[in-house]
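Have the sequence and the 3D view ready, and try each task before you read its solution.

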Amino acid sequence: MVVVGASMFNILPLITAGAADKLGFSAQQAGFMASVLTVASGLSALLAGLWVRSLSWPRSAAAALGGMFLCLLIALRARGYWEFVSMLAAAAFFASAAFSLGMTIVSDRHESARGFGVAVSAQAAYQIAALWAGPLLLRLSGLNGVLFLLAIPAALAIALTPLLPARGRAVASAARGGLLLRPAMLLAFAGFTLFFVGAGAYWTYVELMGQARGIASPIIADCVALSVAAGIPGGLLASAQGNRFGSLWPLVFATALILIGAFFLGGAGGAVDFGAAGVLYYFAWCYSLAYQFTLVNTVDATGRAVALTGACAFFGSAAGAALAAAFVTPEDYRAVVWIVVLATCLSVVAYAFASVLYERTGSARDDNLPGVGGVMTNTPARREPPHPF
């Protein structure tokens with residue numbers, strides 16, 4: 001569910017390129033379509049916080065995956081621009097719902113950092129395979145081949161939804177929505193959003209930064225592919241490591257790697273420095289995501305926060321791209337490096353404050369909440385460490 005749910009966003013550049021090349025969309029039309037899909041995904045993640053703990057998980061999963069599959073099939077037959085964009089936006093909405101539910105299910109497992117690490121690595125592996133196969137599909141079958149690449153896994157995954165638990169662990173009542181507005185929780189959301197501000201700026205301009213250095217386009221493509229591949233061992237390292245060092249110290253380590261990558265990215269070196277920056281960044285990205293999800297899950301008493309992090313990622317990425325656009329020029333992309341550095345550092349600071357606040361106030365209150373940490377159908381109680389350190 002996590003891989004299928006994230007698939008539309010992970011190969012969005014392939015969809016937009018296919019729409020422009022095969023369907024005749026202008027650059028503005030393709031860009032607007034990408035924006036609509038991102039907004040639809042973010043809104044879906046926000047709404048997931050309302051239902052993810054109250055509805056049946058197997059039925060919700062089947063509905064989300066089925067909705068994604070059906071909308072993609074309709075998009076295959078769409079003739080007009082707005083019909084096509086609307087169907088893809090609806091598919092992105094359902095896909096984001098599946099992703100939010102999938103990550104919530106992972107968050108209920110013992111030592112959730114291990115599950116998050118595997119989930120992140122699986123997304124990276126799918127992204128590499130899809131981006132590698134995508135150009136061939138576009139040549140052989142047009143954009144329809146790419147849409148089938150998205151629709152078929154969604155349909156196959158529906159058959160597995162009966163294996164899901166009926167519901168997750170017992171959590172605070174939905175009426176206690178104020179728990180999501182506690183300072184520790186808001187700081188954790190801020191940390192997640194800030195991280196993706198830097199990520200959005202970096203991945204929007206990484207290819208243009210390579211071109212500004214005079215690197216040939218095929219070499220840039222190889223560097224980007226190698227960078228994405230580096231995310232797989234990053235997620236697997238987090239999975240193998242688990243909660244051995246808590247959540248905060250791995251985030252500090254990932255931040256240090258990103259700062260080293262930013263040093264290479266901001267220098268005047270050639271393809272080697274450019275590729276090294278990407279490898280370090282994506283390895284740290286996937287490694288840190290497992291612990292970002294874990295820390296958000298730890299300070300959350302409602303069981304809904306992990307579902308909402310998708311909205312933080314979508315809107316943070318959009319903000320990062322827009323912020324960078326205001327400062328970059330065709331000759332100077334140093335603003336991207338500074339945005340990455342500042343956003344990443346502020347992110348880990350926000351997580352550190354969230355950890356301290358939770359240790360001092362949040363964990364004691366959570367212990368007194370009725371039903372929190374109890375057992376619901378088919379799922380063991382969550383056994384996280386008492387605080388995120």
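Predicted model: local features only at pLDDT ≥ 70, side-chain atom pairs only at ≥ 80, totals over all residues.

**Exercise 1. Describe the overall make-up of the protein chain: how many helices and strands does it have?**

Solution. Start with the secondary structure: the protein chain has 13 helices and zero strands. Reading along the sequence, you get the pattern α-α-α-α-α-α-α-α-α-α-α-α-α. Next, look at burial: of the 389 residues in the protein chain, 54% are buried. Then check the contacts. Among those between residues at least 6 apart in sequence, 87% join residues at least 24 apart.

**Exercise 2. Find helix H2 and work out which helices its buried residues pack against.**

Solution. Helix H2 covers residues 12-22, and its buried residues include Leu12, Ile15 and Gly18. The buried residues of H2 pack against helix H1 (2-10), H3, helix H5 (81-107), H6 and helix H7 (143-158). Now step just past the end of H2: Gly24 takes a positive phi of about 80° there.

**Exercise 3. Compare the span of helix H9 with the expected one, then trace its neighbours.**

Solution. Helix H9 runs over residues 217-241, which is 25 residues. From first C-alpha to last, H9 reaches 37 Å, close to the 36 Å expected at 1.5 Å a residue. Among the buried residues of H9 are Ile220, Val224, Val228, Gly231, Gly234, Gly235 and Ala238. The helices that the buried residues of H9 pack against are H6 (112-141), H8 (183-212), H10 (248-266) and H11 (271-299). Just after H9 comes Gly242, with a positive phi of about 60°.

**Exercise 4. Decide why the Tyr202 and Tyr281 pair is called stacked.**

Solution. A pair of aromatic rings is described by the distance of the centres and the angle of the planes. The whole structure holds 23 aromatic pairs. For Tyr202 and Tyr281, the centres are 4.5 Å apart and the planes sit at 20°, so the pair is stacked; the cut-off for that label is under 30 degrees. The pair links distant parts of the chain, with Tyr202 in helix H8 and Tyr281 in helix H11, 79 residues apart. Both tyrosines, Tyr202 and Tyr281, are buried. They also belong to one aromatic cluster, along with Phe116, Phe192, Phe195, Phe196, Trp203, Tyr282, Trp285 and Phe293.

**Exercise 5. Classify the Phe263 and Phe264 pair, then say whether each residue is buried, partly exposed or exposed.**

Solution. First the geometry: Phe263 and Phe264 are 5.9 Å centre to centre with 65° between the planes, and the pair is edge-to-face. Then the accessibility: Phe263 has 63% relative accessibility, so Phe263 counts as exposed. Phe264 has 26%, so Phe264 counts as partly exposed.

**Exercise 6. Locate the nonpolar patch on the surface and name the helix that gives the most to it.**

Solution. Pick out Val39, Leu43, Leu46, Leu47, Leu50, Phe93 and Phe315: together these residues form the patch, with about 610 Å² of accessible area. Helix H3 (residues 27-51) gives the most, with five residues. Leu46 is found in H3. With 41% relative accessibility, Leu46 counts as partly exposed, because that label covers values between 20% and 50%.

Note on methods: Residues numbered from 1 in each chain as written. Heavy atoms only, no water. Patch = residues over 30% accessible without salt bridge, like charges linked within 9 Å, V, L, I, M, F, W, Y side chains within 5 Å. Areas by Shrake-Rupley, 256 points an atom, 1.4 Å probe, with all protein chains shown as cover. Salt bridge = Lys/Arg side-chain N within 4 Å of Asp/Glu carboxyl O. Helix = DSSP H or I, 4+ residues; strand = E, 2+ residues; numbered from the N terminus. Buried < 20%, exposed > 50% of the residue type's maximum accessible area, 1.4 Å probe, protein only. Expected span 1.5 Å × (residues − 1). Contact = heavy atoms within 4.5 Å. Phe/Tyr/Trp six-rings, centres within 6.5 Å; stacked < 30°, edge-to-face > 60°.
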